[in-house]
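The following exercises are to be worked through with the model displayed. Each task is followed by a solution in steps.

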Amino acid sequence: MKAFSQTVVESFLLEKKGLYLVRQEYFQIREDEKRLGFIFYAITQIAIAYYLYVQAPLYNKDRWLWAILGLMFGPYTLSIFLILTNRKGLGWTLLIVMFLFLIAGILFLSLLVWAVFFSKG
């Protein structure tokens, strides 16, 4: 039986190579799987920016300003745009959902930090 510290060091070295231990078996995560989340994020941001670029002139708004804001902040900008263009129900719903996800993420990370630093053992 290996010592605990030796197992931790081996696990760390294998994770640097892209191998992850799941139920006593090592799995390798491919590079394209790692990029999938970023690709989805980029496509979503570009789609929101394009939507704002097309819709902004219809409401006498600056298309470039809203497109750049949409590219940077995504769903938050979209929800504010919807609120300002008298589609308040959808805009407020989207904004509230995004803030709830933000709060849930902060709570999860704080719980994770608390578990790591204050767990015994």
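**Exercise 1.** Determine in which helix Trp114 is placed, and whether Trp114 is buried or exposed.

*Solution.* In this predicted model, the first step is to locate the residue: Trp114 belongs to helix H5, which covers residues 88-118. The second step is to apply the cut-off, by which a residue is exposed when its relative accessible area is over 50%. Trp114 has a relative accessible area of 52% and is therefore exposed.

**Exercise 2.** Identify the buried residues of helix H3 and state how they are arranged about the axis of H3.

*Solution.* Within H3 (residues 63-73), the buried residues are Trp66, Ala67 and Gly70. Viewed down the helix axis, these buried residues fall within an arc of 100 degrees, so they line one face of H3. The general principle is that an α-helix has 3.6 residues a turn, so residues three or four places apart point the same way. Just after H3, Gly74 adopts a positive phi of about 60 degrees.

**Exercise 3.** Is Ser79 buried or exposed, and which residues beyond its neighbours within four places in sequence does it contact?

*Solution.* Ser79 lies in helix H4, residues 75-84. Buried means under 20% relative accessible area; the value for Ser79 is 0%, and Ser79 is therefore buried. With neighbours within four places in sequence left aside, Ser79 contacts Gly91, Leu94 and Leu95. The buried residues of H4 are Ser79 along with Thr77, Leu78, Phe81, Leu82 and Ile83.

**Exercise 4.** Describe the loop between H4 and H5 at Arg87, and state with which side chain Arg87 makes a polar contact.

*Solution.* Just after H4, Asn86 has a positive phi of about 65 degrees. Arg87 is located in the loop between H4 and H5. Its relative accessible area is 25%, so Arg87 is classed as partly exposed. Apart from neighbours within four places in sequence, Arg87 is in contact with Tyr51, Tyr59, Phe81 and Leu82. The side chains of Arg87 and Tyr51 make a polar contact at 3.0 Å.

Terms used:
Residues numbered from 1 in each chain as written. Predicted model: local features only at pLDDT ≥ 70, side-chain atom pairs only at ≥ 80, totals over all residues. Heavy atoms only, no water. Helix = DSSP H or I, 4+ residues; strand = E, 2+ residues; numbered from the N terminus. Buried < 20%, exposed > 50% of the residue type's maximum accessible area, 1.4 Å probe, protein only. Arc of directions from axis to C-beta. Contact = heavy atoms within 4.5 Å. Polar contact = N/O pair within 3.5 Å; in protein donor to acceptor, adjacent residues only side chain to side chain.
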